[in-house]
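User: Could you walk me through how to read a structure like this? I'd like the general idea and then the case at hand.

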Amino acid sequence: AEAQTVATRKWQVPFGAALRSGPLANEADYRSVFAAYCDQVVSEGGLKWFDLRPSIERFDFSEGDRYLAFAQANRMLLRGHTLVWHGALPPWAEAIDSAAIAEREMVRHIETVVGHYRGKIANWDVVNEAIADDPKTAPGLRDGLWLRQLGPRYIALAFRTAAKADPGAKLILNDYDIEFVGDRFRRKREAFLRLIRSLRADNVPLHGVGLQGHLSENQIDQAGLTAFASEVKAMGLEFMVTELDVVDNKMPGPPELRDMVVAARVHDFLGAIFAAIRPSAVLTWGITDKYSWVPIYFKRGDGLPNRPLPFDVHYKPKPMMQVIEHFC
Ligand code: XIL
């Protein structure tokens, strides 16, 4: 089927999506949908340590450079994901067992990568997923290499290093699972705000907050999310949606019905955010159901296809896209 690429890109709020290298190289329909709809793109992989740091001494920018070339050719802004994360570390980094080496490699990584893309990647997820999934006691930071080796100070160090390497880049703190109804999500939301406030108090160069937006069968806590976005706005920070999709493995029903539930969930989510703040961008985590992490990590048990993204496998826009067009 041919892609229905009605050129829009007349967004009030910039819209974008995560890119993958395979279809970017091999599928014209894939490229056309991005070109027609996206003001911004982000790399789904390629700029993670696993891809950039095959060994301790080598940096491999080949994949990231391909995303940059595509973004520049189409006059899109490229976001960088992600400089410091507990995940997607190569084995040699997982094995780091001293604070001195952890600090040296984290700083060198940020200086080298942000330096390589200085003036070209406008916006970085500097620290990703810093908050624990169920933070019962303060500060509620997630366990991982960087926290274990460096303690909570790794976060401020990452932001300060990134700001030095590219003073023009917007530096984002990105996290997830703060938008749902339930105590665990409320505690995570509070811990996230606590961290943002303490970075502000310490004059850390933080410019914005990213909310991933991996939605699911969970109800959106609209009042809680609006209050959160209002706090972010009151601090003078930007707010962006960085990885929107709907993990639908626990949502019942045939695809057409599920598409409506998925769209309604996105409506609740964006509605609660836009009630408080105009986000600086909304990005989905992929653009077509054909290429998504959801069927890999959250495969349905009933044999029916997952439908997590704004376009179906034939690049036909789904109700979720209409909701995005309504808000953005
Ligand atoms: C996921 C990618 O989509 C997968 O292809 C990869 O194998 C694992 O990572 N939160 C994040 C993203 O910040 O980096 C993750 O991306 C999805 C969850």
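This is a predicted model: local features need pLDDT of at least 70, side-chain atom pairs count only at pLDDT 80 or more; totals for chains, interfaces and linings use all residues.

User: Good to know. How do I read a pair of packed helices?

Analyst: Two packed helices are described by the angle between their axes and by the distance between those axes. Take α10 (residues 222-234) and α11 (residues 255-274): their axes are 7 Å apart and the packing angle is about 40°.

User: And what do I call the orientation of α10 and α11 to each other?

Analyst: Angles under 35 degrees count as roughly parallel. The α10 and α11 pair, at about 40°, is therefore oblique. As for handedness, α10 and α11 make a right-handed crossing.

User: Which residues make that contact between α10 and α11?

Analyst: On the α10 side you have Gln222, Leu225, Thr226 and Ala229, and on the α11 side Asp268, Gly271, Ala272 and Ile273. Sorted by class, the contact of α10 with α11 has four nonpolar, three polar and one charged residues.

User: Let me try another pair. At what angle do α6 and α8 cross?

Analyst: At roughly 30°, with the axes of α6 (residues 99-116) and α8 coming within 9 Å. Use the cut-off again: under 35 degrees counts as roughly parallel, so α6 and α8 are roughly parallel to each other. The crossing of α6 and α8 is right-handed.

User: Which residues of α6 and α8 are in that contact?

Analyst: From α6 come Met106, Val107, Ile110, Glu111, Val114 and Gly115; from α8 come Tyr154, Ala158, Thr161, Ala162 and Ala165. In class terms, the contact of α6 with α8 has eight nonpolar, two polar and one charged residues.

User: Now single residues. How do I tell whether one is buried or exposed?

Analyst: You count the other C-beta atoms within 10 Å: 20 or more is buried, 12 or fewer is exposed, and in between is partly exposed. Methionine 320 has 27 other C-beta atoms within 10 Å, so methionine 320 is buried.

User: What does methionine 320 touch, not counting residues up to four places away in sequence?

Analyst: Val262, Ala263, Val266 and Pro310.

User: Where does tryptophan 11 lie?

Analyst: In the segment before β1 (15-19). With 18 other C-beta atoms within 10 Å, tryptophan 11 is partly exposed. Setting aside neighbours within four places in sequence, tryptophan 11 is in contact with Asp39 and Cys328. Tryptophan 11 and arginine 186 are 175 residues apart in sequence and 32 Å apart in space, C-alpha to C-alpha.

User: Last one: which residues surround the ligand?

Analyst: For a ligand, list the shell and then sort it by class. Here Glu44, Gly45, Asn128, Gln212, Glu243 and Trp293 surround the ligand. The shell around the ligand has one nonpolar, three polar and two charged residues.

Terms used:
Residues are numbered from 1 along each chain as its sequence is written. A residue is near a molecule or strand if its C-beta atom, placed from the backbone, lies within 6 Å of it. Ala, Val, Leu, Ile, Met, Phe, Trp, Tyr, Cys and Pro count as nonpolar, Asp, Glu, Lys and Arg as charged, and the others, Gly among them, as polar. Axes are lines fitted to C-alpha atoms, for helices over the stretch in contact, and angles run from 0 to 180 degrees between N-to-C directions. Helices (H or I, at least four residues) and strands (E, at least two) are DSSP runs, numbered from the N terminus. Angles under 35 degrees count as roughly parallel, over 145 as roughly antiparallel, 65 to 115 as roughly perpendicular and the rest as oblique. A crossing is left-handed if the near helix is turned anticlockwise from the far one by less than a right angle, and right-handed if clockwise. Two residues are in contact if their C-beta atoms, placed from the backbone, lie within 7 Å.
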